[in-house]
Amino acid sequence: MSSTAKKILRQQAKKQAGQRAASAAARREEVTRLIDGGKYADAVDLIAELVSDKIVDADLCCQLATCYFMTGDFDRAGKWIENTFYYNPGHLGSRMLLGRLCLMENKIEDAFKIFEYILRNYSGVLTEDDRITIEDSLFAYYRLEEDNIRKNYPLLAKFMDIPPAEEPDEGDAASQNGPDGQEEAPAPEESKPKITVMSLDDIKKNITTAVTGSAKVIKDSLSDAVALGRETVQEKAGEVRESVREKAGEVRDSVREKVAEVREQIGSIDSGSIKDTLDSLKERINSAAKAGEEEAPRAGAVSAFEASEAAEYAPDEETPETITGRSIALTAKLRLLNFFAGAHYVDGNIAKALDFLTAALAIDENDEATIKNLAVVKAAKGDRDGALQLAAQLPAADLALLYVINHQ
């Protein structure tokens with residue numbers, strides 16, 4: 001190859017690398033915009049595309065963890081925080097998110113240790129937003145854990161403006177003794193002012209209000225409040241018990257009706273309805289594949305199914321590898337793998353159906369449709385225990401699935 005040809009190839013490679021970098025940068029900016037706008041599901045899909053293109057780093061892992069955290073998926077959030085530390089053990093954003101995650105999972109001491117570590121090692125780079133995040137996260141624990149924070153987390157105590165513990169004044173102690181050094185009798189209880197600390201906002205403003213009162217008045221008021229509360233609680237308890245009985249009866253009746261409907265639906269399935277379902281399935285497979293190709297176009301990518309006789313639905317011509325290798329969105333891959341698994345299951349090819357569903361589970365181990373379909377296939381193979389274990393992973397009990405597993 002001549003030097004001119006090599007130079008042209010190098011220029012082309014450099015140009016393509018620049019285009020890929022520009023595309024990645026644009027998509028990363030879009031991820032940030034989606035997260036700022038609260039569109040976490042869309043951000044997750046876009047991040048998944050970047051990861052599938054081997055574009056991944058600590059910041060991207062932290063953004064994905066943030067999406068899962070904001071949508072309440074704390075397990076996945078924790079896993080992607082761990083991935084962040086794989087790429088950058090000192091990533092500040094992930095440490096902040098880990099502290100908030102510990103608070104959400106009621107791991108209060110772990111959260112305090114993390115924020116104490118951040119204040120010790122990152123105080124010079126903390127932004128105003130970072131400081132506001134720490135303050136907002138720990139606001140509820142100001143009074144509940146004040147002594148603990150003051151004693152064990154000095155930097156956190158200083159950050160939260162927790163005053164040091166009060167020490168007895170030696171002068172005050174000496175003044176309580178008489179001229180001969182003997183301790184004087186305490187003043188009458190009625191003559192001592194009583195100090196009441198106000199609300200949390202008032203504490204932060206360092207405001208205290210002196211109030212006087214009689215211990216007897218306080219005791220009588222407290223007794224009256226307790227008596228009133230006891231009567232109210234007893235009355236409410238009776239109402240709650242009655243309401244629970246009514247709701248329990250309604251739930252039992254509803255469950256019985258749903259079970260009867262499921263049995264009737266399963267008993268009414270015949271070969272004709274299965275054929276109609278397959279015909280509809282073929283159309284959806286072609287549509288899903290075509291839509292997936294349009295969502296994520298790639299130069300030189302393998303073409304998706306076309307609505308033509310040459311690309312007519314043919315389950316035996318597709319394998320899990322050919323589908324996972326397509327340049328389409330991950331959600332489209334999941335749909336295709338489940339569709340082909342269903343076709344093979346109806347045709348009696350249980351082993352092939354299992355292969356497609358296993359590949360789908362490797363893409364997303366928490367996808368509910370894949371878990372349900374895999375449970376049915378395992379039950380068909382005689383692995384009833386495995387099927388029940390999969391059904392137990394679902395967020396809610398699926399009576400139809402349990403009925404199918406028990407009657408395979």
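Of the 408 residues of the protein chain in this predicted model, 29% count as buried, meaning under 20% relative accessible area with a 1.4 Å probe, protein chains only. The accessible surface of the protein chain is about 26,600 Å², and 52% of that belongs to carbon and sulfur atoms; areas come from the Shrake-Rupley method with a 1.4 Å probe.

Residues are numbered from 1 along each chain as its sequence is written. In this predicted model, local features need pLDDT of at least 70, and side-chain atom pairs count only at pLDDT 80 or more.

The secondary structure comprises 19 helices and 2 strands, taken as DSSP runs (helices H or I, at least four residues; strands E, at least two) numbered from the N terminus. Two helix pairs are described below.

| Pair | Axis distance | Angle |
|---|---|---|
| H6 (residues 108-121) and H7 (residues 128-138) | 12 Å | about 155° |
| H15 (residues 330-346) and H17 (residues 368-380) | within 11 Å | roughly 25° |

Axes are lines fitted to C-alpha atoms over the stretch in contact, with angles from 0 to 180 degrees between N-to-C directions.

H6 and H7 are therefore roughly antiparallel (over 145 degrees). Their contact (heavy atoms within 4.5 Å) involves Phe112, Phe115, Ile118 and Leu119 of H6 with Ile134, Ser137 and Leu138 of H7. By class, this contact of H6 with H7 has 6 nonpolar, 1 polar and no charged residues.

H15 and H17 are therefore roughly parallel (under 35 degrees). Leu334, Asn338 and Tyr345 of H15 meet Ala369, Thr370, Asn373, Val376, Val377 and Ala380 of H17.

Key. Side-chain values use heavy atoms; hydrogens and water are left out. Angles under 35 degrees count as roughly parallel, over 145 as roughly antiparallel, 65 to 115 as roughly perpendicular and the rest as oblique. Ala, Val, Leu, Ile, Met, Phe, Trp, Tyr, Cys and Pro count as nonpolar, Asp, Glu, Lys and Arg as charged, and the others, Gly among them, as polar. Buried means under 20% relative accessible area, exposed over 50%, partly exposed in between (1.4 Å probe, protein chains only).
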